[in-house]
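Please read these notes with the model open beside you.

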Amino acid sequence: MEQNNSLPPFPQGLASPQGAMTPGLPIFSPMMPYGTGLTPQPVQNTNSLSLLEEQQRHGMVGGSGQTPQLYHSQVSTTTALPGNTPLYNTPLTPMTPVTPATPASESSGIVPQLQNIVSTVNLGCKLDLKTIALRARNAEYNPKRFAAVIMRIREPRTTALIFSSGKMVCTGAKSEEQSRLAARKYARVVQKLGFPAKFLDFKIQNMVGSCDVKFPIRLEGLVLTHQQFSSYEPELFPGLIYRMIKPRIVLLIFVSGKVVLTGAKVRGEIYEAFENIYPILKGFRKTT
Amino acid sequence: MASTSRGDSLPKVQCPNHPDAILVEDYRAGDMICPECGLVVGDRVIDVGSEWRTFTNEKATKDPSRVGDTQNPLLNGGDLTTMISKGTGAASFDEFGNSKYQNRRTMSSSDRAMLNAFKEITTMADRINLPRNIIDRTNNLFKQVYEQKSLKGRSNDAIASACLYIACRQEGVPRTFKEICAVSRISKKEIGRCFKLILKALETSVDLITTGDFMSRFCSNLGLPKQVQMAATYIARKAVELDLVPGRSPISVAAAAIYMASQASAEKKTQKEIGDIAGVADVTIRQSYRLIYPRAADLFPPDFKFDTPVDKLPQL
């Protein structure tokens with residue numbers, strides 16, 4: 001079991017997750033329960049992310065309450081390959097209501113790809129934006145337009161907004177680990193410029209994912225039946241805006257079958273939302 | 001004449017012969033009349049209609065039967081204010097020549113903003129000749145939103161414009177956002193935002209717009225005859241049924257259908273003219289037209305008289 005620690009050791013005060021299943025467990029272990037009927041299991045799933053979700057659910061439902069966000073992003077281990085099977089924990093409330101999908105139906109077999117992660121971190125000291133802008137590479141600072149330094153790095157390709165209070169917003173990463181890595185790189189840049197930068201309260205604020213259901217969708221039908229959740233105004237926006245209550249995710253559904261999911265704090269919410277919407281979308285498939 | 005009060009909070013007036021009949025109010029004479037037998041059940045009811053006019057031959061500067069503005073109980077929350085008019089005679093002026101009793105101004109200060117908004121709504125609606133029922137509905141919507149206070153931070157004009165848009169939709173005669181923008185100083189983006197917020201606040205919804213809702217207005221603005229209008233309606237409906245234009249706004253499809261119908265008839269309109277009327281860019285009309293052009297022969301109504309045959313339709 002290999003922990004890919006591309007990061008410098010961070011406070012490991014928080015122990016490994018309680019529950020039998022640890023994130024480090026390799027995917028193909030025989031201990032993984034294959035089908036439990038809680039969520040529709042994919043028959044063959046190359047990414048096996050929902051399988052992972054299943055085992056986490058099993059591990060978590062036993063004892064833990066809501067595990068904090070920060071903790072999960074710290075402990076999760078990933079390979080550097082984006083979009084592939086990074087192991088993750090889904091923080092779940094103790095009484096996780098079962099997803100409304102009927103057990104008899106199959107899951108979609110489509111996995112939404114993460115496109116953007118927005119995270120914030122506190123560097124813990126006041127910064128002088130002018131010196132940062134002058135000395136750092138790839139930094140722009142126009143105080144009349146916006147009160148922060150906009151810095152970019154190439155690997156992972158991200159953009160950061162660095163404010164004089166010491167807080168920083170990091171956008172553009174494609175996975176949680178990349179976002180954290182990028183934020184650390186920015187922190188190191190600031191540190192090298194002479195500021196006593198720390199890395200406090202890293203938190204992922206928003207995750208955006210997208211996928212394709214591969215069939216055209218009748219948006220008019222969807223807005224008729226799901227009126228309280230959907231808003232479809234072709235004059236304002238060509239897609240249907242579906243605000244799912246549980247999990248709290250906003251989905252943009254287009255006629256072509258492409259779906260954009262946003263508003264998630266953890267990866268599992270995106271997957272769960274997509275699994276919820278997929279049978280509904282199947283019901284509104286265009287027949288011609 | 002029976003005014004039986006049954007000890008309810010409201011004394012109920014009913015006809016003695018037909019207690020179940022709903023009385024018809026004739027406010028001109030201040031009567032309540034039973035529709036079954038015609039009996040005048042209650043008279044001397046206060047006339048809340050607009051003031052009466054007296055036609056006298058004498059000087060009409062002072063009209064003694066003036067009782068004030070029409071009562072608007074639904075919208076004003078019972079505005080029974082007193083206004084002091086300008087005095088006549090020497091006694092009403094204090095020294096310096098100012099009039100005493102200057103209180104002419106403050107009336108229902110709590111609803112001043114609402115009254116202002118009603119005025120604005122009426123102005124906007126007048127510009128596009130909207131009928132009274134839409135204006136009334138708009139006023140009602142505005143009142144509900146205003147009382148709810150959930151959109152308090154938004155500009156009243158934006159809320160009023162959005163209410164106007166919703167009222168037109170609810171009455172079955174939707175106006176495009178651009179048409180509302182044309183009579184309002186608020187941007188389309190802000191009206192769209194307020195529109196979504198109001199729907200959420202009032203927990204209502206509106207029907208989806210269809211191509212046929214706009215045909216009669218656009219075609220008459222362009223001066224197209226009825227046959228062309230009917231043909232355009234048919235084309236647009238068929239195009240949507242056959243799903244030739246997935247994801248296109250119904251306005252653009254309607255504009256393209258009008259273009260096709262007008263080009264096939266004697267009154268040919270250019271894309272620019274149609275774009276001006278519909279509020280659609282002419283490249284958008286071109287795009288939608290390209291999508292419906294291949295099936296043009298199927299889209300026309302069967303009884304259409306072609307001035308230009310289908311194969312001679314412009315192809316762009």
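**Notes on the model**

1. Two salt bridges are found by the rule across the interface of chain A and chain B, that is, 2 salt bridges. A salt bridge here is a side-chain nitrogen of Lys or Arg within 4 Å of a carboxyl oxygen of Asp or Glu. Over all chains, the structure holds 19 salt bridges.

2. Some ground rules. This is a predicted model, where local features need pLDDT of at least 70 and side-chain atom pairs count only at pLDDT 80 or more, while totals for chains, interfaces and linings use all residues. Residues are numbered from 1 along each chain as its sequence is written, chains are lettered from A and ligands numbered from 1 in the order in which they are written, and side-chain values use heavy atoms, leaving out hydrogens and water.

3. Look at the pair that links the chains. Asp243(B) forms a salt bridge with Lys286(A), and the closest N and O atoms are 3.1 Å apart. Asp243(B) sits in the loop between helix H8 (226-241) and helix H9 (250-264) of chain B, and Lys286(A) in the segment after H6 of chain A. Helices (H or I, at least four residues) and strands (E, at least two) are DSSP runs, numbered from the N terminus. Lys286(A) is buried, with a relative accessible area of 12%. Asp243(B) is partly exposed, at 25%. Buried means under 20% relative accessible area, exposed over 50%, and partly exposed in between (1.4 Å probe, protein chains only).

4. Now the whole interface. In contact are 14 residues of chain A and 19 residues of chain B; contact means heavy atoms within 4.5 Å. The area buried between the two chains is about 1300 Å², and carbon and sulfur atoms give 60% of that. Buried area is the accessible area (1.4 Å probe) that two parts lose on being put together, summed over both. Glu233(A), Glu235(A) and Leu236(A) supply 48% of the area that chain A buries against chain B, more than any other three residues.

5. Leu281(A) touches residues including Val213(A), Phe215(A) and Ile253(A), not counting residues up to four places away in sequence.

6. Two pairs within chain B deserve a look. Glu147(B) and Lys143(B) meet in a salt bridge (3.6 Å, N to O). Both lie in helix H3 (residues 132-148) of chain B, 4 residues apart, about one turn of the helix. Lys143(B) is buried, at 17%. Asp276(B) forms a salt bridge with Lys272(B), with the closest N and O atoms 3.7 Å apart. Because Asp276(B) and Lys272(B) are 4 residues apart in helix H10 (residues 271-278) of chain B, about one helical turn separates them. Both are exposed.
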